[in-house]
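Please keep the view open while you read.

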Amino acid sequence: MKNKHFWDNFLNAIRGIVTAVKNERHMKFHVFATCLIIPLSIYYRISKLEFIAVILTISAVITAEMINTAIEAVVDLATSEYNEKAKIAKDVAAGAVLVSAVFSIVIGFLVFFDRVSGDIIKLF
Ligand SMILES: Nc1ncnc2c1ncn2[C@@H]1O[C@H](COP(=O)(O)OP(=O)(O)OP(=O)(O)O)[C@@H](O)[C@H]1O
């Protein structure tokens, strides 16, 4: 019985991820970026610590985007009228995505810029 409960919750969570990817343009971009960054990390043999930073960054961005999506859905469910509290909830949730996205760019720059630019220079 407990196991069934666990699997139901697990499947609901997977469904939540699939729904977010299907419906949210930004989520599609995050998945695309992840599919690019992981092989790039392997190709450049980045250190374990750098990889930890990359993974944490990816999960922070995706998590923030999913929470933002959930908050947008709940706010839209609560009101279709203009509401100052609705505005605060949506703006703050969007702000969380922006914070994580900005730091992901900083981490990406610190980890990959020298390596990628070095390879590009070698090409010419
Ligand atoms: N009910 C509302 N009351 C007040 N302001 C709102 C309301 N709904 C949306 N807004 C404002 O409009 C902005 C955009 O809201 P919207 O729901 O279109 O989300 P979005 O950022 O465009 O996300 P997405 O593109 O993923 O749907 C919000 O950040 C908020 O400032």
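Before the points, two remarks on the ground rules. This is a predicted model, in which local features need pLDDT of at least 70 and side-chain atom pairs count only at pLDDT 80 or more, while totals for chains, interfaces and linings use all residues. Residues are numbered from 1 along each chain as its sequence is written.

1. Touching, or contact, here has C-beta atoms, placed from the backbone, within 7 Å.

2. A64 also belongs to the largest nonpolar core, together with V54, I58, V61, I62, V97 and V111. Such a core is a set of buried Ala, Val, Leu, Ile, Met, Phe, Trp, Tyr and Cys residues joined through C-beta atoms within 7 Å. At least two of the core residues come from each of α3 (48-78) and α4 (84-123), and α3 gives the most, with 5 residues. Helices are DSSP runs of H or I, at least four residues long, numbered from the N terminus.

3. Next, have a look at E65 in helix α3. The UniProt annotation "binding site", from an unreviewed entry, covers E65; UniProt annotations may be inferred rather than shown by experiment. E65 counts as buried because 23 other C-beta atoms lie within 10 Å, where 20 or more are needed. Beyond its neighbours within four places in sequence, E65 is in contact with E24, H26, M27, H30 and V97.

4. How much of α4 is buried? The helix is hardly covered, with 4 buried residues among its 40: V97, S100, S104 and V111. These buried residues pack against α3. Please also note a kink of about 50° in α4, centred on F112; the bend is the angle between axes fitted to the seven residues ending there and the seven starting there.

5. For "transmembrane region", the unreviewed UniProt entry lists residues 29-46, 52-71 and 92-113. Residues 52-71 are 100% helix and 0% strand, with end C-alpha atoms 28 Å apart. The span 92-113 is likewise 100% helix and 0% strand, and its end C-alpha atoms lie 30 Å apart.

6. Finally, the ligand. Around it are E24, E72, T79, Y82, N83, A86, K87, K90, D91 and A94, each with its C-beta atom, placed from the backbone, within 6 Å. The largest share of this shell, 5 residues, comes from α4. By type, the shell has 5 charged residues (Asp, Glu, Lys or Arg), 3 nonpolar ones (Ala, Val, Leu, Ile, Met, Phe, Trp, Tyr, Cys or Pro) and 2 polar ones (the others, Gly among them).

How values were computed: Buried ≥ 20, exposed ≤ 12 C-beta atoms within 10 Å, placed from the backbone. Contact = placed C-beta atoms within 7 Å.
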